[in-house]
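The sequence and the structure come first, and the notes follow by topic.

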Amino acid sequence: MASFIVLLGAPGAGKGTQAEILAKRTGLPHISSGDIFRENLKKQTELGKLAQKYMSKGELVPDDVTIAMIKERLSRPDCAKGAILDGFPRTPAQAKALDEMLAELGGKVVAVPFIKVPEEELVDRLSGRLVCKANGHIFHKKYNPPKVPGICDYDGSELYQREDDKPEVVRNRIRVYLEQTAPLIDFYRARGLLVEIDGNQPIEKVTEDLWNALPDEVKAQ
Ligand code: ADP
Ligand code: ADP
């Protein structure tokens, strides 16, 4: 049975940073819905152009489009043992759809770490976030600076600030998170899958707590 980890947390909580590290350690692929939308935008696909209309305002891309995109991604061979999901599901309808697609694919959600960070810290994190153009590697001007300013440590590509990390959009993204995504905390808690992680600690310490919260079947891969 394939094992899927769902990372929950507000924008800026550290999901992408931690998903990348956990993916390396477990060998499971890191699947970020935001990264897939941004890749599509870069290639100017129809999906990318449609998603951009919502992303630029900090709104969610409609469920039907997002669900179809993730379904296609999860059916690829690299997800045969499972995956680390970062940014999906983000609504109750997406969470239900995830269960259905995993039932079809022969997988299940085995743990849902919820990375908790105070709201004022989120704004600080997002306003200093830097992302690499080639592969979406994540840095922060103060908290996780690249070795050479403006250049990705891993692939040498240029770092940029996301349009939606500007303060006006950030506030809306946090509002949207509280309204549409936060209900998933109770949804997964009721199923006994939620593990609360203190995200207001150094990156390495958050990783350690996350690692301890993962079921053995995922660590052993
Ligand atoms: P999310 O995917 O949840 O939006 P990211 O992983 O992109 O969050 O992190 C948001 C920003 O905060 C990035 O600039 C990242 O480098 C930084 N960051 C991540 N984790 C921490 C942490 N534990 N302490 C300080 N800054 C962090
Ligand atoms: P963050 O890392 O700050 O949480 P993401 O990169 O995950 O941001 O998402 C950026 C934007 O992409 C979101 O504001 C939203 O417009 C869109 N998006 C990403 N994932 C989803 C999803 N599961 N459902 C709907 N929209 C999404």
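This is a predicted model: local features need pLDDT of at least 70, side-chain atom pairs count only at pLDDT 80 or more; totals for chains, interfaces and linings use all residues.

Two strands count as paired if DSSP finds at least two bridges between them. With that in mind, the bridge partner of Arg129 in strand E6 is His140.

**The antiparallel sheet**

- Three strands make up an open sheet with antiparallel pairing, in the order E6-E5-E7.
- E6 and strand E7 (159–160) are the edges, and each has a single partner strand, so one side of each is left without a neighbour in the sheet.
- Strand E5 (residues 129–132) is joined to E6 in the antiparallel sense over 3 bridges.
- Arg129 and His140, the latter in E6, are bridge partners.

**The parallel sheet**

- Strand E1 (residues 2–7) and strand E4 (residues 107–116) pair in the parallel sense, with 4 bridges between them.
- Phe4 has Val109 of E4 as its bridge partner.
- In general, strands of a sheet pair through backbone hydrogen bonds, either parallel or antiparallel.

**Ligand 1**

- The shell around ligand 1 holds 19 residues, and the closest are Gly12, Thr17, Arg129, Phe139 and Gln201.
- By class, that shell has 8 nonpolar, 8 polar and 3 charged residues.
- Gly14 places a backbone N or O atom 3.0 Å from an oxygen atom of ligand 1.
- A nitrogen atom of ligand 1 lies 3.4 Å from an N or O atom in the side chain of Arg125.
- Gln201 has a backbone N or O atom 2.8 Å from a nitrogen atom of ligand 1.
- Ligand 1 taken alone exposes 560 Å², of which the protein buries 94%.
- Helix H1 (15–26) and strand E6 (138–140) are the elements that give two or more residues to the shell around ligand 1.

**Ligand 2**

- Ligand 2 is surrounded by 19 residues, and Ser33, Arg38, Glu59, Gly87 and Arg173 are the closest.
- The shell around ligand 2 divides into 6 nonpolar, 5 polar and 8 charged residues.
- Helix H2 (residues 33–42) supplies the largest share of this shell, 4 residues.
- In the side chain of Lys15, an N or O atom is 3.3 Å from an oxygen atom of ligand 2.
- For Arg129, a polar side-chain atom lies 3.0 Å from an oxygen atom of ligand 2.
- For Arg162, an N or O atom in the side chain is 3.2 Å from an oxygen atom of ligand 2.
- Ligand 2 exposes 560 Å² when taken alone, and the protein buries 96% of that.

**Arg129 across the topics**

- Which residue of E6 is the bridge partner of Arg129? The partner is His140.

Note on methods
Residues are numbered from 1 along each chain as its sequence is written. Chains are lettered from A and ligands numbered from 1 in the order in which they are written. Side-chain values use heavy atoms; hydrogens and water are left out. A residue is near a molecule or strand if one of its heavy atoms lies within 4 Å of it. A polar contact is a pair of N or O atoms within 3.5 Å; within protein, one must be able to donate a hydrogen and the other to accept it, and residues adjacent in sequence count only if both atoms are side-chain atoms. Accessible areas come from the Shrake-Rupley method with a 1.4 Å probe; for residues, only the protein chains shown count as cover. Ala, Val, Leu, Ile, Met, Phe, Trp, Tyr, Cys and Pro count as nonpolar, Asp, Glu, Lys and Arg as charged, and the others, Gly among them, as polar.
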